[in-house]
Amino acid sequence: MQDYIIQTKSLNFQYSKSRKVLEDVSLNIPKGSIYGFLGPNGAGKSTTMRLLTGIIPEQHDAISIFGKPLKDQLPQVFDNIGSLVESPALYLHLSGYNNLKYIAKLRNIPESRIDEVLELVDLSRDAKRKAKQYSLGMKQRLAIAMALLNEPELLLLDEPVNGLDPNGIQDIRKLLVKLNREKGVTIFVSSHLLAEIEKMCTHVGIISKGKLRFEGTIEELGKKSGACKIQLTVKDATHWNEKLMENHPTAELQNATQITLELQDREAIPEFAKNLITQGAHLYEIKILDGLEEWFMTLVNQK
Amino acid sequence: MQNFITALKAEHIKKKGTGIYMLSIILGVISPIIWTIIQFFEKEKPGSSLPYNYYVSYIEGLLEPFAGFFFPLLIIITVSRITQLDHKNGGWQLMETQPVRKISIYFSKFSVVLISNLIAILSLVIMGYFGAWIVSLIKGIPQDATTNFAFSELFWIIARLFLAGLFLTAFQYVISVLLPSFIWSILIGFFLLLAFIFLKVFNVTPDYYPLELLDKVATFKKGSQLGYWITYSETLSVLCSIIALYIGFEWYKHKNLKLAFFSKSSRALKLIAVLVVVGGLLAYVLMPNTMESHNKTVISGKIEGDKPFQAIYITNAFADDTLAVIPVKNNTFHYVIEKEVPFDNYSININNAANGEITFGKNDSIHLDIKQRENNFSVVTTGSRLAENQYEKSKIPNYGMASYYIEENIQLDNPDLIRSEIIKEWKEALSTSDKYKTVDNYVPREDFMERNKKMLTITFLNLWNDFVKKRAVMFPKEKTEETADIKLMKKRVPLNDESLLSNEEYFKYIRSQMIAPNKEDIDENTKSLMAIAKLPKGEFKDKMLYWQLNNSIKDASATTERAQLLAQYGTDFTNKKYLTYTLAKNKLIESLGKGMPAPFFDATTQDGKQFNLADFKGKYLMIDVWATWCGPCKKESPLFEKMAIKYKKEPIQFIALSTDQKIDKWLVEAKAKSKSVLQLHINNDNQFSKAYDIQFIPRFILIDPQGNFVNSKMPAPSDKIFEKLLREALSLAEEK
């Protein structure tokens with residue numbers, strides 16, 4: 001049997017009698033995974049996150065972490081958990097270093113560790129500056145550093161890349177993957193961006209309107225989505241569209257330079273491209289259009 | 001515990017750069033600094049009082065602004081800031097996702113506020129000490145002050161402030177943790193401050209009101225009178241904060257009230273248990289206490305001072321009747337009064353002077369703690385009439401609007417206004433007396449309360465009678481109607497309560513009631529004597545007659561008139577002791593009359609020369625009786641000197657006769673006086689005071705060249721009549 005680090009068994013939560021925020025959500029987060037928790041805004045992601053961290057008390061005993069019920073382990077369980085819930089909780093009047101020092105004190109971690117995590121999130125140079133002078137990305141990185149300070153076994157991150165520029169997103173993604181690979185940290189990360197999840201997660205759970213719609217590995221997710229839709233940018237698109245229609249009935253002209261069509265899967269792309277070029281097409285770009293995206297949208301829109 | 005200390009240390013990292021402790025220091029030192037600056041502009045008060053600790057009393061002077069304003073202000077601000085640190089930055093969630101128990105989170109933050117409170121209190125005391133020292137460098141230490149380091153007094157001031165501040169701190173903290181917006185906690189805090197002013201005005205402040213608890217420390221600077229470490233209000237503060245913190249913490253822990261107390265029966269039971277236990281203690285502490293009476297009438301205590309004491313006399317203030325002579329041995333006394341003691345006010349006489357009052361009666365055990373220094377006595381009364389005696393001491397004379405209107409003849413044409421004012425003030429006075437309690441939550445016993453309410457009612461009835469009388473003169477045609485409320489007041493006061501007659505107000509009231517029907521055109525004294533003569537014989541009549549006859553004698557202008565009064569009414573006394581007292585009083589008044597020989601006295605100059613009355617024969621003699629400790633005397637003495645210089649060439653000798661107990665003090669001050677006034681110190685103060693009926697000083701006496709009185713009770717030199725009488729005596733023409 002697989003070793004699950006977090007399990008919820010039919011997690012329910014409601015603020016009032018009439019309004020169920022979570023309904024029958026059963027999550028299984030395997031040890032060593034990067035688990036992407038996906039859903040649109042208001043789906044219940046943050047509520048789930050808050051329940052998992054005990055910030056809001058559970059109404060039934062449905063959550064177990066490290067194989068034991070959560071509520072029996074509060075707050076010692078956080079010795080092994082690093083978390084970042086919603087907007088980064090930082091003390092803006094303190095320097096980055098002192099923010100970390102505060103957490104270090106609370107957790108009885110030697111101060112030497114502070115420099116390590118600062119290095120890790122690339123904030124060493126800005127450690128002495130006050131957090132209120134930080135950019136959004138720096139704040140987010142500092143908050144992650146605070147979550148990493150105790151070398152946790154499990155990281156709970158709520159929208160860690162929210163509001164970051166592409167560079168920042170990439171940095172954080174790299175950092176998380178590195179942590180997972182090198183230290184074996186299990187990471188539970190929530191996001192409303194499918195593309196984000198797809199790029200780094202090993203497992204995915206999709207939630208919408210309080211219900212879990214899908215849970216499985218990223219490969220299983222890939223299969224669900226079926227064919228691979230691509231977009232071509234070519235010179236004289238109209239001409240090529242007609243030509244392609246013969247073998248690819250899904251081909252569709254988008255505008256004067258772009259065509260979309262569906263292939264069997266990603267593996268078919270190199271062969272397809274080679275063919276096209278040998279036929280003399282001036283190909284500028286081939287871009288995978290996410291089939292997942294559309295599938296995701298329909299999933300999310302289910303009642 | 002480890003968890004808590006870790007959290008507390010972490011809290012101190014978090015508050016870096018916020019200046020929270022700095023603010024405590026600033027608000028702590030602000031009142032001593034202002035106070036010290038004021039000291040440089042303050043005039044020196046006349047010295048000579050009982051010994052006190054200079055530094056402690058300086059710091060006690062700071063308690064009012066600090067406990068009443070700066071300390072609550074600090075608490076409100078600090079609590080808001082410390083909780084906002086986390087509200088603003090999402091810190092509460094951050095802390096809850098750390099391996100720290102919620103109880104540690106909650107109480108570590110609370111502890112920071114407590115530390116801030118303590119810093120403020122310590123800053124106050126240290127700065128107060130420093131300020132006092134600076135003032136002493138420039139103005140010197142007052143003569144009566146001691147300067148030893150009074151550790152225990154200071155410690156208890158600090159402890160009491162800290163404990164009294166607990167409830168406000170806890171209350172604000174609970175609110176500030178639960179409400180994320182800083183506006184609410186600040187608003188509620190300031191509302192508490194403001195509401196306190198109104199509650200005070202209407203005298204409806206509950207004992208557990210957070211600011212009342214602090215105010216009590218400023219009001220009762222010395223703390224418990226019964227020797228407890230802390231007073232009941234500090235105990236209240238602790239109990240109230242326990243309840244507040246318990247509810248606040250559970251609420252915070254479970255995020256909402258329903259979850260915290262009503263979701264599980266165990267939680268509800270716990271709440272009930274806390275409310276029952278702590279609330280029960282609270283109710284117990286809040287319940288006013290009364291002292292039990294004893295099986296004997298006992299007066300005991302100790303007396304300390306700079307001279308030996310043989311005996312303490314307890315006398316009836318009314319007729320100088322000695323109730324008990326209590327021997328003092330080794331500065332302590334314990335005496336059982338076997339006589340029946342009517343419940344009343346009595347005076348304490350030590351060394352031939354009345355030095356205090358006590359209220360007691362049969363089966364009371366009274367403990368007196370008497371301290372003396374020169375002419376100053378302090379008497380602290382405890383024992384079975386603790387609250388009663390304290391109430392009497394704390395009574396403030398009525399300076400209401402009604403008495404002001406009547407005195408100044410304002411609004412006399414508006415009887416409705418004055419009547420309703422009198423009734424309003426009367427009701428207020430009754431309710432104030434009902435609310436009276438000592439610092440240790442003791443209230444007077446029922447018998448005293450009843451009597452006191454009668455006395456209060458009498459005061460207002462006298463006011464009413466004065467008003468009616470004035471109206472009758474000014475608006476003879478109009479009636480001044482007695483409403484139901486006035487009738488109610490009258491109903492409360494019996495017309496034949498002999499036990500109330502030791503009080504002059506009651507005498508005045510009865511007298512006014514008795515003479516009211518008499519419309520003859522004769523003076524009130526005569527009307528009153530006529531009415532009293534008709535009373536049935538007995539103690540009530542005796543006392544009424546005693547009051548009235550003494551008044552009549554005092555007011556009589558000639559010896560013949562006095563003799564006639566005594567002859568006509570003196571025989572009416574059933575109890576002959578009243579006649580004896582009246583005759584003695586008459587004799588004293590006679591002996592001080594114009595043309596009577598001035599009694600002999602002798603006195604000493606600064607260089608030891610002896611003088612007596614006979615030495616001044618052939619010259620007019622103007623005497624100013626004074627003492628260095630007497631403030632009003634010092635005001636008059638420059639004017640007296642001015643007169644002496646002006647009439648230097650006339651056949652008159654000006655004498656300043658000091659009655660100081662401490663001659664060295666007199667020597668210092670007498671040196672600085674004008675040479676045109678002969679500075680003397682009386683040799684036998686007791687004898688002199690009795691013979692000359694010196695009841696208060698300054699007193700001015702004019703004696704003619706034959707050694708007879710011209711005027712034994714001259715007005716003071718600040719009064720224009722003084723000079724007029726002087727010129728008259730010297731046969732000088734009136735000055736134009």
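A residue is called buried here if 20 or more other C-beta atoms lie within 10 Å of its own, exposed if 12 or fewer, and partly exposed in between, with C-beta atoms placed from the backbone. By that count, buried residues make up 34% of the 736 residues in chain B. You are looking at a predicted model, in which local features need pLDDT of at least 70 and side-chain atom pairs count only at pLDDT 80 or more, while totals for chains, interfaces and linings use all residues. Residues are numbered from 1 along each chain as its sequence is written, and chains are lettered from A in the order in which they are written.

Let us begin with chain B. Its C-alpha atoms fill a box of roughly 100 × 65 × 55 Å along the principal axes. Chain B has 26 helices and 17 strands, where helices (H or I, at least four residues) and strands (E, at least two) are DSSP runs numbered from the N terminus. Among the residues that an unreviewed UniProt entry lists as "transmembrane region" are 61-79 and 182-206 of chain B; such annotations may be inferred rather than shown by experiment. Residues 61-79 of chain B are 89% helix and 0% strand, with end C-alpha atoms 27 Å apart. For residues 182-206 of chain B, the end C-alpha atoms lie 27 Å apart and the span is 80% helix and 0% strand.

Ile138(B) counts as exposed because it has 8 C-beta neighbours inside 10 Å. Ile138(B) and Phe40(B) are 98 residues apart in sequence, yet their C-alpha atoms are 8.5 Å apart in space.

Now turn to chain A. The axes of helix 2 (residues 96-107) and helix 4 (residues 136-148) of chain A, lines fitted to C-alpha atoms over the stretch in contact, come within 9 Å and cross at roughly 25 degrees. That makes helix 2 of chain A roughly parallel to helix 4 of chain A, since angles under 35 degrees count as roughly parallel. Gly96(A), Asn99(A), Leu100(A) and Ile103(A) in helix 2 of chain A meet Leu142(A), Ala145(A) and Met146(A) in helix 4 of chain A; two residues are in contact if their C-beta atoms, placed from the backbone, lie within 7 Å.

Finally, the chains meet. The contact takes 26 residues from chain A and 24 residues from chain B. Helix 2 of chain A gives the largest share of chain A's side, seven residues.

Conventions:
Axes are lines fitted to C-alpha atoms, for helices over the stretch in contact, and angles run from 0 to 180 degrees between N-to-C directions. Angles under 35 degrees count as roughly parallel, over 145 as roughly antiparallel, 65 to 115 as roughly perpendicular and the rest as oblique.
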